[in-house]
Amino acid sequence: MKTLLVTGGAGFIGSCFVLQRIAAGDKVINLDKLTYSGNLMNLKDVESNPNYVFIHGDIGDEKLLRKVLPEYQPDAVVNFAAESHVDRSIVDPDSFVRTNVMGTSILLRCVKDWWNTLEAEKKSAFRFHHISTDEVFGTLSMTDPAFTEETKFAPNSPYSASKASSDHFVRAFHETYGLPTVITNCSNNYGPRQFPEKLIPLMIANALNDKPLPVYGEGLNVRDWLYVEDHCKAIDLIIHNGRVGEVYNVGGHNEKTNIEIVKIICKELGKPESLITHVADRKGHDMRYAIDPTKIHNELGWLPETKFEDGIKKTIKWYLENKEWWETIISGEYQNYYEKMYAHREEI
Ligand code: NAD
Ligand code: DAU
């Protein structure tokens, strides 16, 4: 059994990881600021589990971190906490700098100071696992080879620039202070509990409400989709067996255009494709992401287990069975967000 300090565990991927680790018998301390995308409903199944502790807090809160780390003595810190949506970063880059850059740097510094007080054995067994994204590598043409761990960083959005910066800070803390860090750069996740600002849950919710399905531009941009549970299994494997100081790319071998995804959702829900509306493109829209996961496969034997055809069915089923979850979200502050992002978006 391990004790894990998970940050951002009330969000989409973090909550999946927390649920998996609690089911496996680990102890999880979940430190989350509960921004608009953090939702304690995601963790209701474990809220009274004795191995689960929730702390409402910010990764940039030094005082809180200096209390929590010695109190819980984690074997690993797993940093999911971030501002995660590209479209929001285009409107408000500063909040991405605050959490993704400053927050990660403060978290690293507090973890490093506490880690330095540990005895040698615990010190070398400790891990700081940073969750990052394939977007740090920029964009690919349709014929480029997929991103490897050696691909040069070329972030194009304020979101990816802030994540790239956080990755550099993690690397620097390993090189400068010897903190045992690992970074994973993952492709697009999908699955239950994803906030309905992202492509797949937004299209599911709109389709179920017979609302237009706003596809940016021609919808020919490509993403490499990975089922969230497979991502979380990769993280656990790396915490146990990954090499310190390394970076691992995690991806689904599953490239699809956005329009393909939206058409699959229409088909699965029995909704007409006439709901699809082509709207003005995202500024600086990356054309294609694709991950080459050879390193994690060769070193650790990881492969995605969930075929897209099955994963998307499971995802849609979850949104059908958990209408209250997403209806509560879209009836609140989300309406202002939607209005701001979509109401004045030109149809093309
Ligand atoms: P999310 O927006 O659903 O969740 C983010 C969580 O972090 C929320 O619970 C939020 O309350 C919390 N949070 C935000 N700021 C915080 C702060 N300052 N202190 C503490 N908690 C804070 O995001 P997600 O999709 O679950 O992404 C999680 C991580 O995975 C992010 O680091 C993201 O960059 C990375 N990632 C996401 C994807 C994807 O497809 N969603 C793919 C690759 C990597
Ligand atoms: O690649 C990993 C990244 O994937 C993560 O790091 C990010 O946190 C995560 O948000 C995601 O970023 P994307 O920008 O790829 O995801 P999003 O769901 O916002 O968009 C997927 C594609 O769909 C993208 O090409 C834009 C398009 N899109 C999105 C929305 C919300 C639309 O066409 N219409 C929409 O309404």
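The lining of the largest pocket has 10 nonpolar, eight polar and eight charged residues. In this count Ala, Val, Leu, Ile, Met, Phe, Trp, Tyr, Cys and Pro are nonpolar, Asp, Glu, Lys and Arg are charged, and the others, Gly among them, are polar. The model is predicted: local features need pLDDT of at least 70 and side-chain atom pairs count only at pLDDT 80 or more, while totals for chains, interfaces and linings use all residues. Residues are numbered from 1 along each chain as its sequence is written, chains are lettered from A and ligands numbered from 1 in the order in which they are written, and side-chain values use heavy atoms, with hydrogens and water left out.

Of the 26 residues that line the largest pocket, Tyr 36, Glu 83, Arg 88, Asp 92 and Tyr 337 lie nearest its centre. Two or more lining residues come from each of α3 (86–91), α4 (93–115) and α13 (334–343). The largest contribution, seven residues, is made by α4. Helices here are DSSP runs (H or I, at least four residues), as are strands (E, at least two), numbered from the N terminus.

The second largest pocket has 18 lining residues, and Glu 149, Phe 153, Arg 171, Ile 183 and Val 247 are nearest its centre. The elements giving two or more residues to this lining are α6 (158–177) and β6 (181–186), and α6 gives the most, with five.

A pocket is an open set of points on a 1 Å grid over the protein atoms alone, with protein on both sides within 12 Å along at least five of seven lines; in a cavity, a 1.4 Å probe fits but cannot get out; lining residues have an atom within 4 Å of a point. Grid points are joined across faces, edges and corners, and a volume is the space filled by probe spheres set on the points.

| Space | Volume | Lining by class |
|---|---|---|
| Largest pocket | about 480 Å³ | 10 nonpolar, eight polar, eight charged |
| Second largest pocket | about 320 Å³ | six nonpolar, six polar, six charged |
| Second largest cavity | about 40 Å³ | two nonpolar, four polar, four charged |

There are two cavities of 30 Å³ or more. Residues lining the second largest cavity include Val 86, Glu 135, Arg 282 and Tyr 289.

Turning to helix packing, α9 (residues 258–269) and α11 (residues 308–321) have axes 11 Å apart and an angle of about 60° between them. Therefore α9 is oblique to α11, a term for angles that are not under 35 degrees (roughly parallel), over 145 (roughly antiparallel) or 65 to 115 (roughly perpendicular). Axes are lines fitted to C-alpha atoms, for helices over the stretch in contact, with angles from 0 to 180 degrees between N-to-C directions.
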